[in-house]
Structure formats: C-alpha cells, structure tokens
Amino acid sequence: MEVIITSDYEEMSRISAELIAQEIRYKHDIVLGLATGDTPVGTYQELIRIHKEEGLDFSKITSFNLDEYVGLPPLHPNSYNYFMKENLFNHVNVNPANIYVPQGHIEDPEHFCFWYEAQIQKAGGIDLQVLGIGRDGHIGFNEPGSSFASRTRIKALYKETIEDNARFFSHQDDVPRFAVTMGVGTILEARKILLIANGEKKADIVAEFIEGPVTSQITATALQLSKSATVVLDQEAASKLKRTEYYNWVRDNKHLVQKKVGR
Ligand code: GLP
C-alpha cells in the first residue's frame, strides 16, 4: 500500500484528483468506482476544474458508485444519486448512459444487487476504485464483520454510521437503517484502489487500517490485500501512523523506483 501524506485537505484533494485524471488520460474508456461523503467533494471539485480548464475528457468513462441508502428515491437531496449529480456529474461531460449509481428505492433490491454486479462485469471490471472511510473502518457501507468475499447486497448500518450521517438529515430517526453497497469482494477486484481520508476524527481508524492486522472488523484493512492501493491523507488523518518517515521517504524518492520498474 502506498501512503501519501499531504499538508491539508486542499493538497489531499489536488493530489487525489491528479491521480484520477492521470488514469483517465491513460485510458479514456476507464471504468471508475466512485464514492460519496464529505471527503471526496474537494477531489471532485478539482476534477471539474481540470475538465473545464485543461479539457479532461469524461465522455468515454463508465462509473459505478459504491452505495445508496435503501428507501431514498434518486431525487431525494440526501440520496447518493443526488449527491453525485450535484458534486460531479452535472459539471463534466459524462455520458449519462454510462453512469451507474445503486438504486435504493426499488421493489426488489436483491434482484437489483445481482444486476449491478453483472453490469460491473459487463463493463470489464473496475479499473480505479475511489474510496473514503467511515469512523468504524467501513468502505462503501461494508460495516464491521462484512465478509471479504461479499458482493453487492443490502447491509444494515452500524450505530456509529447512523450517528455520523445524521448531520445530513433533520432528525437522526430519518437516517435510513439499510443501504445497498458493493461488497468488499467487489471492491477488492478493482485493478487499482485510491482511498482518501482527512481530519483528526479519522486518525485512529487510519492508523488501524494501514498498520494494524487484517480483519473483517475493519473492512478497510482489506486494502492490504489489494494488488494496487494508494492512500492519500491530510496531516491530521495521518497523525497516528507510526511509519510516517518511511512513507514520506518513499514519496520523495519515488522517481528512483519508477526509473527501475517503469510505469
Ligand atoms: C458513508 C459512505 C462511505 C464514506 C463514509 C465517510 O458512510 N457510505 O462511502 O466513505 O460515509 O464519509 P465522510 O467522507 O463524509 O467522512
């Protein structure tokens, strides 16, 4: 796992967006996995800037979002469908036919989950999966105890997650108790993974998932099993890591490694 520690939220967002932009430039018809939450908002804003000012072309990309609340229609302001339109899709030249966000307001969510997995396969699998992390270590809505083999399915939300997400709703009781989420197994099949995290409230879980043992109790530790995972952090989220000096040395001397192994 490559760990990049940046000075603040702005730098974290700039570096994450540049990593995503590089992949889009390299493969125009890339399949992206996308995340919601406060963390990636700055990254999406920077991607929008790169699109507008430098012509980054989204017209051939396909994207699959990680998750959605069960019960919220796509036009609900707290739905992740709405979030993605507001924060990215409405501002870049994506083809709406190639945009997939799980639907949570449907009669047969289980059937939907099978269909969603099949669409990911049909698209050739995810090239780059973007992730945030919940305070309980979840990726997507894969709460503690989710199997590393899990696929897209309905998941009951953990108490801490409901409390954390209550800030977006008028009352905590309005926060849905269930979500449709890609599984840990689905996420692990991505060819590359980029996890971003910021702020002091993420420092404990960031240290645990990067430097602690692999456990389904912290589903982000599954990234230790990924073929290619990069984590971009701000100073605060990185503040409890033990091997900071090593990560910074690797970051500053990456050109030496790249010279030896190529791209
Ligand atoms: C939700 C989402 C996750 C996200 C997490 C953290 O639970 N399902 O995908 O990573 O929130 O959100 P934030 O970035 O707002 O801290």
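Which residue in S10 is the bridge partner of Val3? In S10, that partner is Val231. Before going on, a word on the source: this is a predicted model, in which local features need pLDDT of at least 70, side-chain atom pairs count only at pLDDT 80 or more, and totals for chains, interfaces and linings use all residues. Residues are numbered from 1 along each chain as its sequence is written, and side-chain values use heavy atoms, with hydrogens and water left out.

I will start with the sheet. Strands here are DSSP E runs of at least two residues, and helices are H or I runs of at least four, both numbered from the N terminus. Two strands pair if DSSP finds at least two bridges between them. Seven strands form an open sheet with parallel pairing, in the order S1-S10-S9-S6-S2-S3-S5. Strand S1 (2-5) and S5 stand at the edges with a single partner strand each, so one side of each has no neighbour in the sheet.

Now S3. Strand S2 (residues 31-34) pairs with S3 in the parallel sense over four bridges, and Leu32 has Ser63 as its bridge partner in S3. Between S2 and S3 the chain passes through helix H2 (residues 41-54), and this β-α-β crossover is right-handed; that is, with the strands pointing away from the viewer, the path from the first strand over the helix to the second runs clockwise. S3 also pairs with strand S5 (residues 99-100), in the parallel sense over two bridges, and Phe64 stands opposite Tyr100 in S5.

In a regular strand the side chains alternate between the two faces of the sheet. In S3 (residues 62-65) both faces are covered: Thr62 and Phe64 on one side, and Ser63 and Asn65 on the other, are all buried (under 20% relative accessible area, 1.4 Å probe, protein chains only).

Last, the ligand. It is surrounded by 14 residues, the closest being Asp38, Thr39, Asp67, His138 and Lys202; the criterion is a heavy atom within 4 Å. The shell divides into three nonpolar, seven polar and four charged residues, with Gly counted as polar and Asp, Glu, Lys and Arg as charged.

A backbone N or O atom of Asp38 lies 2.8 Å from a ligand oxygen atom. A polar backbone atom of Gly140 is 3.2 Å from a ligand nitrogen atom. In Arg167, a side-chain N or O atom is 3.0 Å from an oxygen atom of the ligand. Taken alone the ligand exposes 390 Å², and the protein buries 95% of that (Shrake-Rupley method, 1.4 Å probe).

Notes. Buried < 20%, exposed > 50% of the residue type's maximum accessible area, 1.4 Å probe, protein only. Polar contact = N/O pair within 3.5 Å; in protein donor to acceptor, adjacent residues only side chain to side chain.
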